[in-house]
Amino acid sequence: MRPGEPEEPAARSNCTACRLADGTAPLPGGTLLRTPHWTVEHCVGPLGTGTLIVKPLRHITGVHEMNAGESAGLGPLLTRVTSALRAAVGEECEQVYVCLWSHAGRVPGHIHFVVQPARTSDIDRHGDAYGPALQAAMFAGGAEPEPGAVEEFCARVRRVLGEGAG
């Protein structure tokens, strides 16, 4: 697919990221922010409460497929989201990881940026693991966040994002 080309309906209907964005799959915490080209959501899976996803609304499988609008909006949006995440987590946030992921079962899928707070407690709990090792340990542990904690965190992030919207 080239920038600006319409996506194939079959790709969207089989894509978890697309179903979460369009509301056909349950999304704990709901949509946190939507721009003309991007959406921000809480991550589903074992990367902990507060891990967010920034993904294009259009189903694309690589950065090379982004159009001019998607490209222009990405940097400022990642800056805004990482700042809001840092503020919402507070002092326990040692770093904010931003990683591009797009594989599922070794098949390129809908790109998404994982925006994850590296909390001191998570690093300590997983044997002083950080960076990719922390993410791997969290996946191996398989502990998914409690829905109530996700809802509460998302409400806090929405407030922070709203304060910076002016």
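Five strands make up an open sheet, lined up in the order β1-β2-β3-β5-β4 with antiparallel pairing. Strands here are DSSP runs of E of at least two residues, and helices are runs of H or I of at least four, both numbered from the N terminus; two strands pair if DSSP finds at least two bridges between them. At the edges sit β1 (31-34) and β4 (93-104), each pairing on one side only. From one strand to the next, the twist averages 20°, with angles running from 0 to 180 degrees between N-to-C directions of axes, which are lines fitted to C-alpha atoms (for helices, over the stretch in contact).

This is a predicted model, where local features need pLDDT of at least 70 and side-chain atom pairs count only at 80 or more, while totals for chains, interfaces and linings use all residues. Residues are numbered from 1 along each chain as its sequence is written, and side-chain values use heavy atoms, leaving out hydrogens and water.

Inside the sheet, β2 (residues 38-42) and β3 (residues 52-56) pair antiparallel over five bridges, and H42 stands opposite L52 in β3. Helix α5 (residues 132-141) touches β4 and β5 (107-119), its direction making about 70° with that of β4. Helix α6 (residues 147-163) touches β1, β2, β3 and β5, at about 25° to the direction of β1.

As for disulfides (pairs of cysteine sulfur atoms within 2.5 Å), the count is zero.

Note on methods. Contact = heavy atoms within 4.5 Å.
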